[in-house]
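Hi everyone, thanks for coming. I'd like to walk you through one structure today, a piece at a time. Have a look at it first, and then we'll start with a single residue.

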Amino acid sequence: MAQYGIHGSGASDVVTSVETAIREGRLAAGAPLPTVRALARGLGLSPTTIAAAYRALRVRGLVHAQGRRGTRISPRPPLPIRPLAPAPAHLRDLSRGNPDPALVPSLRPALARLARHPGLYGEPANRPELLALAGRQLTREGLPRGVLTVVGGALDGIERVLQAHLRPGDRVALEDPGYVAVFDLVAALGLVAEPVAIDDGGPRPEDLTRALRAGVEAFVITPRAQNPTGASVDASRARQLRAVLARQPGVLVIEDDHAGPVAGAPAFSLCHGRERWALVRSVSKSLGPDLRLAILAGDPTTVARVEGRQSVGTGWVSHLLQDLVTTLWSDPATDALLRRAAETYATRRGALVRALATHGIAAHAGSGLNVWIPVPEEATVVAALAEAGWAVRAGERYRLRSGPAVRVTAAALAPRDAERVAAALARSLCPERRRASA
Ligand SMILES: Cc1ncc(COP(=O)(O)O)c(C=O)c1O
């Protein structure tokens, strides 16, 4: 305790000292905290006081309880700690999940067309032209429209919708494997993740049934371009999942359509006719993540809560960004580029999957930007690929109960290079071949 600097004469002191130790790097992600009894004894406080401090830390997502493994620091506590180190400069970075910058529309012509007068307080929060374009897109794709609003990206939308309906301690069904930032967000809100197993067609209906029986309040699903596995829900799986969800009409369903038109798979929704739902369509993968903008469609109550909360906080998503997206969406050249982007991503994913298959390695990449490759041991493969010049992501943080794998972002990987990545990965899985090539 002294070594970590945990001290104090009451619950709030203990909370502050743990928080400071996390911020200053003395308590790292995953580090165990003493048991309630041990810390109470050490500080001369009552176990009730320490239990209250741990509860407060849990609700803020700084720590999590792990059954018999005790209480540990969260994998990514919501505090400004050192960011993930960038891949060393000599490595080709296939770890970030970014779109290919060459397949994102140039902003220069659209910026030149923006109004030059300064935006002021008092304008309506959302640009009607933007909402009209978004509404037409959703209708054209057969998706539910509900009420539309504008949020600061997919994660911002998911956070606002979760906060509109859930309270700390509530359970949320999440895809496993799934998107690490959603895991971290759910923890930071003091919510409890309930894993739902997925296959290439998305969440498995029988496992969603089990998770719903466990008493979840919400279900977050990525219907296409699932990160990290590339899974996408087709019409028949969507029907099955809708039937499962129909038995729990009160459960909030949030659809994370973060890749939209560049996903490489059509969109199917589980939300038609539900009481509480939201579909978040971000422009991050199609128009660029720095635009920080997503359209949120939902039922009237959910959207009213999101807009109400936004109105007493940030107020609105910058009209400059809204106008920029409106301009880009109105330009037929954008449509053409995004179609080409979706096709190119499919070609690049396919090239890596085929190259891996020639080495007898199975991989998942039905849609999106990433290829998910199950491996026996993540760290060995990540290290071997780094030695061969490629930075890829260990799957560990993307998994709750599912097995080990690595994630390779193939968005900007030329087919020729895909063969080199596949060969390096194959060598890392087969020690004899590694020795032979050494
Ligand atoms: C599944 C998923 N959801 C959301 C996001 C982030 O979207 P945004 O930038 O709109 O917050 C990502 C980014 O990679 C993602 O993979």
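Let's begin with Ala225, which counts as buried because its relative accessibility is 3%. On this scale buried means under 20% relative accessible area, exposed means over 50%, and partly exposed lies in between, with a 1.4 Å probe and protein chains only. Before I go on, a word on where this comes from: it is a predicted model, in which local features need pLDDT of at least 70 and side-chain atom pairs count only at pLDDT 80 or more, while totals for chains, interfaces and linings use all residues. Residues are numbered from 1 along each chain as its sequence is written, and side-chain values use heavy atoms, with hydrogens and water left out.

Back to Ala225. This residue has a positive phi of about 55° although it is not a glycine. Most residues other than glycine have a negative phi, and most peptide bonds are trans. Ala225 sits in the loop between β8 and α9. Those names come from DSSP runs numbered from the N terminus: helices are H or I with at least four residues, strands are E with at least two.

The loop between β8 and α9 (235–246) also holds Pro228. The peptide bond from Asn227 to Pro228 is cis, with omega near 20°. Another cis peptide bond joins Asp176 and Pro177, with omega about 0°, and Pro177 has its place in the loop between β5 (171–176) and α7 (180–188).

Arg292 has a positive phi too, near 45°, and is a residue other than glycine. You'll find Arg292 in the loop between β10 and β11, and at 38% relative accessibility it counts as partly exposed.

Now to the ligand. Which residues surround it? They are Gly153, Ala154, Leu155, Tyr179, Asn227, Asp256, His258, Ser282, Ser284, Lys285 and Arg292, where being near means that a heavy atom of the residue lies within 4 Å. The shell divides into three nonpolar, five polar and three charged residues. In that count Ala, Val, Leu, Ile, Met, Phe, Trp, Tyr, Cys and Pro are nonpolar, Asp, Glu, Lys and Arg are charged, and the others, Gly among them, are polar.

One from Asp256 lies 2.5 Å from a ligand nitrogen atom, one from Ser284 lies 2.7 Å from a ligand oxygen atom, and one from His258 lies 3.4 Å from a ligand oxygen atom. The protein covers 92% of the 400 Å² of accessible area that the ligand has on its own, by the Shrake-Rupley method with a 1.4 Å probe.

Next, the sheets. An open sheet of eight strands has the order β4-β11-β10-β9-β8-β5-β6-β7, with mixed pairing; two strands pair if DSSP finds at least two bridges between them. At the edges stand β4 (147–151) and β7 (202–203), each with a single partner strand, so one side of each has no neighbour in the sheet.

Let's stop at β10 (residues 277–282). Is this strand buried or exposed? Six of its six residues are buried. Trp277, Leu279 and Arg281 point one way, and Ala278, Val280 and Ser282 the other. Five bridges join β10 to β9 (residues 252–257) in parallel, with Ile254 opposite Ala278. On β11 (residues 294–298), the pairing with β10 is antiparallel, over five bridges, and Ser282 stands opposite Ala294.

There is also an open sheet of three strands, in the order β12-β15-β14, with antiparallel pairing. Here β12 (370–374) and β14 (393–394) stand at the edges. Arg393 stands opposite Arg407 in β15.

Last stop: the structure holds two aromatic pairs. In one of them, the rings of Tyr121 and Trp316 have centres 6.1 Å apart and planes at 90°, so the pair is edge-to-face. Rings of Phe, Tyr and Trp (its six-membered ring) pair if their centres lie within 6.5 Å; planes under 30 degrees apart are stacked, over 60 edge-to-face, and the rest tilted. Tyr121 and Trp316 are 195 residues apart. Tyr121 is exposed at 78% relative accessibility, whereas Trp316 is partly exposed at 28%.

Key
Polar contact = N/O pair within 3.5 Å; in protein donor to acceptor, adjacent residues only side chain to side chain.
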